[in-house]
Amino acid sequence: MIARALRRLLSHQTCSRLRFHYPPPFRIPSVQLRRYQEHNRPQLQREDAHDPDFWQQRSDILPPDKAEEFAKYPMVNANMLRSRRDRPRKVKMLARDFIEDSLYNPHYGYFSKQVVIFNPGEPFKFNDIRDNLDFMSLLGRRYTEFEDALDEKALNDARQLWHTPTELFRPYYGEAIARYLVTNYMLAHHPFHDLIIYELGAGNGTLMLNILDYIRDIHPEIYERTQFKVIEISSALAGRQAAQLTSSASSRGHATHVEIINKSIFNWDIYVGAPCYFLALEVFDNFAHDAIRYHPFTEEAHQGMMLIDQYGDFYEFYTKQIDPVADRYLRTRHAAHRRPFQHPLSGNRFLRTLKSKLPFAPNLTVPEYIPTRLMQFFETLKEFFPQHQLVTSDFNDLPERISGFGSPVVQTRFRRRTIPVTTPYVQQGYFDILFPVDFAVMEDVYQAITGKLTRVMSHEEFLKRWAYVEETKTMSGENPMLSWYKNASVMLGVN
């Protein structure tokens with residue numbers, strides 16, 4: 001049964017969270033999209049023979065003609081699919097809606113049904129650990145013990161397990177963020193306003209507890225004025241966070257300071273006029289993106305769409321009709337960016353045109369994945385949280401990404417092995433789709449939308465400023481909290 005399920009997962013001409021998995025992943029060969037050659041292959045598919053607005057990207061294995069279905073199937077979006085318990089068929093949707101549905105659908109989405117966040121148990125005593133290698137060995141043993149305990153309760157070959165720095169470096173990582181919050185609150189808002197903290201996507205609730213523990217123990221007078229509000233789209237994770245508040249006498253004391261709101265931030269409709277801090281740690285990487293390809297000669301943009309046929313198979317189409325959200329992002333980025341950024345048209349135009357005329361050359365450029373959902377998040381902050389101060393951390397780069405600019409890592413886990421694949425268009429709910437964040441572009445777009453100032457720094461630089469780094473130093477002098485997550489950055493709002 002399990003083997004048959006895995007074969008089904010990998011049967012969609014595809015072959016996904018690079019959080020740190022055991023053992024190292026193996027790679028499935030990629031399938032490159034190619035241009036149709038009229039003299040020996042079926043005609044490049046369009047909605048009709050004379051309409052150039054719709055392009056079906058073809059692969060080496062030449063899927064069947066789906067232009068007729070593309071014209072006939074209804075257009076849906078992720079919100080329309082939230083009430084569905086079964087994965088959709090005989091529909092078409094934008095790439096961002098397919099990705100969002102895959103990750104967040106309440107009935108079969110990755111974060112709703114599949115995710116387990118690693119809990120290492122007792123905090124690591126870093127001062128008693130020999131060095132980085134010793135820490136990795138100890139972490140590996142705890143990973144195995146954690147998953148063995150889960151398997152004793154219910155064996156699950158397809159369990160999606162990953163961890164965050166909050167869990168690995170508990171409580172020191174959370175205390176560093178708490179110091180930053182308290183210091184800035186005392187400088188900017190105390191005693192005129194309460195300390196109001198929003199956390200988007202709180203995982204197991206560990207960061208919430210670490211921050212509240214620190215404020216209660218070190219700043220009891222501020223703790224009395226602290227409100228911590230979690231915005232969590234996953235009902236399963238929201239339940240886990242609520243359970244954390246009742247797991248011990250210490251955590252139960254925080255109950256009157258915490259509110260868990262089981263809701264998507266993109267459906268937020270409550271105006272918050274008071275000053276507040278908005279935490280978004282390792283959240284942006286799972287925001288849905290749109291796929292954009294460009295004509296190599298005219299440089300005209302085409303937006304990616306996904307068709308799902310009656311058998312549940314996926315076919316990728318591109319249209320010149322850019323939807324208002326993607327168009328708004330492209331216009332905002334063009335107007336706001338202060339620094340050059342990489343995209344499919346950034347190379348030499350003459351060489352690009354020449355390459356496009358070679359036999360078997362792609363009919364469009366490689367895709368660019370644009371963070372349209374991230375832009376909408378910034379718009380939500382501007383509209384409903386006008387006095388917010390953003391605190392965010394995420395990956396600025398990821399290894400083993402799929403082809404394209406701003407492209408994600410797409411991977412699943414089977415029998416404790418990580419399986420990376422080469423497309424985001426995979427069986428919904430079983431694959432993590434994890435995008436790197438271009439902090440230079442993100443900072444410019446955020447400032448243009450909200451009018452607020454920011455500063456960006458490395459993950460290590462932030463922790464050196466706000467953590468007691470001696471607490472996570474090993475006997476050799478190595479410090480895993482500083483040396484790990486070298487590919488992460490932090491962006492902070494400036495009052």
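**How the terms fit this model**

Mentor: Welcome! Helix α15 passes helix α16 in a right-handed crossing. This is a predicted model, in which local features need pLDDT of at least 70, side-chain atom pairs count only at pLDDT 80 or more, and totals for chains, interfaces and linings use all residues. Residues are numbered from 1 along each chain as its sequence is written, and side-chain values use heavy atoms, with hydrogens and water left out.

Trainee: Which residues of α15 and α16 make the contact?

Mentor: Contact means heavy atoms within 4.5 Å. On the α15 side the residues include Leu374, Phe378 and Lys382, and on the α16 side they include Met442, Tyr446 and Thr450.

Trainee: Why is lysine 90 called partly exposed?

Mentor: Buried means under 20% relative accessible area, exposed over 50%, and partly exposed in between (1.4 Å probe, protein chains only). Lysine 90 has 44% relative accessibility, so lysine 90 counts as partly exposed. Arginine 416, with a relative accessible area of 24%, is partly exposed too.

Trainee: How do you know that the buried residues of α14 are on the same side?

Mentor: Those of α14 (residues 349-356) are Arg352, Thr353 and Ser356. They cover an arc of only 100 degrees around the axis, which puts them on the same side of α14. The arc is that of the directions from the helix axis to the C-beta atoms. Phe350 and Lys355 are exposed on the other side.

Trainee: What makes β9 and β19 stand at the edges of the sheet?

Mentor: Two strands pair if DSSP finds at least two bridges between them. The open sheet has seven strands in the order β9-β8-β7-β10-β15-β20-β19, with mixed pairing. β9 (258-262) and β19 (453-458) each have a single partner strand, so one side of each is left without a neighbour in the sheet.

Trainee: How do you know that β8 and β9 pair?

Mentor: β8 (residues 226-232) and β9 have five bridges, in the parallel sense, and the definition asks for at least two. Valine 230, for one, has isoleucine 260 in β9 as its bridge partner.

Note on methods. A crossing is left-handed if the near helix is turned anticlockwise from the far one by less than a right angle, and right-handed if clockwise. Helices (H or I, at least four residues) and strands (E, at least two) are DSSP runs, numbered from the N terminus.
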